[in-house]
Each structure stands twice: as structure tokens, then as C-alpha cells.
Amino acid sequence: MTAMRAFAAGGTGIPGRTGVLRPGRPEKPEEALAGEFEELRPLLFSIAYRILGSVAEAEDAVQETWLRCAESPTRPDSAKAFLSAVVTRISINVLRSARVRREEYVGPWFPEPLLTDPYQDPERSAELADSVSMAALLLLERLSPLERAVFVLREVFGFGFPEIAAAVGRSEAACRQLVVRARRHMDAGRPRFEADRRERDELAGRFFDALARGDVDALRESLAADVQLVADSGGKAPQWATGFFGAERVTQVIAALVPPFLRIGGVVQPHQVNGQPGAIFRDRAGGVVNTWALDILEGHIQAIRTVSNPDKLDHVGPAADAFAVLRDTQQAHRDDAH
């Protein structure tokens, strides 16, 4: 378990430290710094994840931030500003190298599914949820690493331009221009009308109920006419060609695969994925087959994005043998046909 995974499990994640202070003993400077880091860890992870689109890389970026902070000979005036700047710089560098790897990726590339965003701010809850959606993260892929970082800091987390300039090593004027440019790219790709969150959740509930019942008509009614069903397998799980498109075709595929999957002991567990309605698919032993994220707009599901690459599911749980699950599912479908 990496140090950051230890954090996620509830520990401090700082090598050699328990995070427990003995009563009656004055707090040492490094202990105070460790405490501040622990408090800011959810924010640091959330910044890194939105820049990188990877849970594993975001965890590593946060851990590297702690190492640099612990090695610093000076104590920053603002731990939040200092640590946010460090994790941003690290994330920019990681993203630049990750872009090269993504050009060689097999099939469609989606962000690693995020089941729970550790950073919560009641005053910005809607913006935080929307900014971590699959659709938003794919839009962020259109930006340069620098534009992406500046946009995330300003538009998502509300950092001031002096802090942003210090974080990315650019002037405040340059950062303002980067935000304007990034906002223009993002607005061009966003849908004109946002879905009401309550209506969105109700539609997702009806969709998954229809899945459980095998109600083909109800499934079709929940899908937009031009809906798309696309999978990220990375070449390490069954690949659905370039995807399936159109309500009729997507309904056929879902109706052919999900009911027999359930009959062989598979489980569809509705769960928020990247702040949006979605589900985790598990085999009869509890192994993770894939995740689904629903993109809902104007009363219909516009896209279903599935992630089945086992490398991207490690943080969700032990991966299932997706090829074996598909073989069993197809056999159950053939048996039903006879």
C-alpha cells in the first residue's frame, strides 16, 4: 500500500509517523506541518485529479508534495498556498509526460473513475461535482497542461490570481489570459442546458430499475436518440470496437448483455461515478468488471462511458477476469435464445 493509499484508508500516510501526539508534550514544528498537510490532503488530491484525470497519478503527486514539503528548510507563511502550488507544478509535469503515453493508448481514453471526491465545500458543491464529471474531464483534455492547471485553480477552487501566478510561475496578467482562453474552449464544448440534479438522479434510478427488470421499452425511452455507449479497455479487457451509437443499437447491446450477466451472478451496483449517476459492475465473486458513468441532459441519457481497463480499476476493488465474464455472459445469452 502506498503512503497515499494509507491516507485513503484512514492513516496519516507519512512514513514513520502515527499522527498521534502525546498529551503534555509541546507540538514540534514538523508535527504541526504534518497536521496541516493532513487537513489539506483532500484539496491537494482533488486539484491533482482534475489536472491529471488519474487517481493513481494524483495520489503519487500528493505524496511527492509531502516529501518536498518535509524536505523544505523553511516554513511557508500559508501551508495551503505552498502545498497547492507544489502539487500543481508536479501535476503539470506529470501531465506533460502522460500526454505522450495517451497518444499510444489502445482505443478510447477515459479518466480513471472517481467514486468519491475527498474534498467537499458546501458553497461550491455543484461546481465541484460538475468539474469532476467524465464529460468535463474530457473537455479539459483539450487544454494545454498550463491552461488546464490555471483553469482548475481559478474556476473550480476559486484561487486568487496572485496564488495562481506563484503556483505556475507566470505573471498574473498571463494567468488571466490563460483562464480566458481555457474558459472559451470549455464553454464551446459544454451543452447549452444543464440537467436538473434531482431529475437526473430520478432518470438514472428508472434506467437501472429497467436494467434489473430487463424492461427493453423502458430502457429505450431513457436514451437519447443519438446516445453513445463507449468503453475504455486499454486493450486489456473486451473492447467494443469504437462504441455503439443510437438508441436502438445501444438498447440491443444492453438487453443482450446485462440480463444474462445478472443471471450468471453478476451485480450492477448503482453508485455515483465522477459526481454523476453511474454503477459498478461486479462478477459473482465481487470482482470489478467495469464502471459506468451516465451523461444525462434534457431528460435523456446522452452517453454511457464505461471503464473496463483493470489498471484503472485497482482503487475500486480487485478486478474481475472481464474476458471470462463476457464468455459466460454470451453463453447465457445463447442458452436463453434456445
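Modeller: First, a term: a cavity is a set of grid points where a 1.4 Å probe fits but cannot get out, and its lining residues have an atom within 4 Å of a point. Bear in mind that this is a predicted model.

Biologist: Okay. Which residues line the second largest cavity?
Modeller: Ala81, Ser84, Ala85, Leu153, Phe159, Glu163 and Ala167.

Biologist: How much space lies in there?
Modeller: About 40 Å³.

Biologist: Which element gives the most to that lining?
Modeller: α4 does, with 3 residues. Both α4 (79-103) and α8 (161-168) supply at least two.

Biologist: And how do those residues divide by class?
Modeller: There are 5 nonpolar, 1 polar and 1 charged in the lining of the second largest cavity.

Biologist: Switching topic. How many cavities does a search of the whole structure find?
Modeller: It finds 3 of 30 Å³ or more. The largest cavity holds about 300 Å³ of space.

Biologist: What lies nearest the centre of the largest one?
Modeller: Trp240, Leu257, Val289, Asn290 and Leu326. They belong to a lining of 20 residues. Two or more lining residues come from each of β1 (223-232), α12 (247-263), β5 (288-297) and α13 (322-337).

Biologist: Which element has the largest share?
Modeller: α12, with 5 residues of the lining of the largest cavity.

Note on methods: Residues numbered from 1 in each chain as written. Predicted model: local features only at pLDDT ≥ 70, side-chain atom pairs only at ≥ 80, totals over all residues. Heavy atoms only, no water. 1 Å grid on protein atoms, 1.4 Å probe; cavity = no way out; pocket = protein on both sides within 12 Å on 5 of 7 lines; lining within 4 Å. Points joined across faces, edges and corners; volume = space filled by probe spheres on them. Helix = DSSP H or I, 4+ residues; strand = E, 2+ residues; numbered from the N terminus. Nonpolar A, V, L, I, M, F, W, Y, C, P; charged D, E, K, R; others polar.
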